[in-house]
Amino acid sequence: MTQQETILPGSDDCQEHPPGHEVDRPEPAPHNKKRLFRPMQLKLSRSKMNTVLALCAMLISAASFYATYMQAKAAQEQVAAAERQLEAETWPWLQFNYSNFDLESERPRITIGILNSGTGPALIEWVEYHYRDQVYDSIIALFDACCNISAYREALDNAQQDDNEVNVLAKFGWYITSRAEHSLLADGASLPLFTMQKSNFNNRLWDKIDSMAEQVEVYTCYCSLLKQCYISTVDSHVSPVSDCTSGRQTLTQHNDPPDPEH
């Protein structure tokens, strides 16, 4: 029998190999390890992509609209603030003044006038005087009704004609009047409506006018340069109105007494 050599596994490893000789080694078998996290593959169809683009466009449009809205709101607030400042700079405030003594001359003198204490000029549309449920559109009509001041003026005119050398104004006490309707009163300016100095000749008339002055209600309607209109009372109460024509109608309806019940 032929003797066979038994080659043990791995016996080649024990054999010496010449230098530079590479030994072919088997490649290790691949390990089948399962991955815990796998990347997700997002697959979008054309319709889904169009939907996403439409949503993005809507979000951009909403953001743009909100930014435009905030800019418009800020602009409106600036305009409103500018209008309020302009209104404050041109706001008139009329006050009705009455005094019965002149400090400069130190003599009794009735002085009735209107003072503009506001910050802008006032265009006076009308002045009404209410006395004993009657309405008068001028101060002379009022004093004629209560005191017959026209008769006093006729007496002064006759006295002046009888003696031209006599200063009737200084001797007897003349009165001076002016109308306020359609007058432009600057801020800080005053408009005298009635002035009468007391004398021995007119003391009874003077006392009567002075005593009834507190019973007279005065209403003045005026407008600013911005055509904003107001009605002021004798106690300096100011009420805004749309215009002086409708303001007069409202005042008339407010002061008219109600019809008695039958």
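Two residues are in contact when heavy atoms of theirs lie within 4.5 Å. In this predicted model, Ile124 touches Leu94, Ile114, Ala180, Glu181, His182, Ser183, Leu185, Leu191, Thr220, Cys221 and Tyr222, with residues up to four places away in sequence not counted. Ile124 is also among the residues with the most contacts inside the largest nonpolar core, together with Ile114, Tyr129, Phe143, Phe194, Met196 and Ile209. This core has 36 residues. Apart from it lies another core, of 8 residues, which includes Cys221, Cys229, Ile231 and Leu251. In soluble globular proteins, nonpolar side chains tend to be buried together.

Nonpolar residues are also found on the surface, where Phe65, Tyr66, Tyr69 and Met70 form a patch. Together these four residues have about 480 Å² of accessible area. One of them, Tyr69, lies in helix H1, which spans residues 46-89.

Thr233 lies in strand S9 and counts as buried, because its relative accessibility is 14%, under the limit of 20%. Leaving aside neighbours within four places in sequence, Thr233 is in contact with Val218 and Tyr219. Asp235 is found in the loop between strand S9 (229-233) and strand S10 (238-241). With a relative accessibility of 58%, Asp235 counts as exposed, since the limit for that class is over 50%. Asp235 and Tyr219 are 16 residues apart in sequence, and their C-alpha atoms are 9.6 Å apart in space.

Notes. Residues numbered from 1 in each chain as written. Predicted model: local features only at pLDDT ≥ 70, side-chain atom pairs only at ≥ 80, totals over all residues. Heavy atoms only, no water. Helix = DSSP H or I, 4+ residues; strand = E, 2+ residues; numbered from the N terminus. Buried < 20%, exposed > 50% of the residue type's maximum accessible area, 1.4 Å probe, protein only. Patch = residues over 30% accessible without salt bridge, like charges linked within 9 Å, V, L, I, M, F, W, Y side chains within 5 Å. Areas by Shrake-Rupley, 256 points an atom, 1.4 Å probe, with all protein chains shown as cover. Salt bridge = Lys/Arg side-chain N within 4 Å of Asp/Glu carboxyl O. Core = buried A, V, L, I, M, F, W, Y, C linked by side-chain atoms within 4.5 Å.
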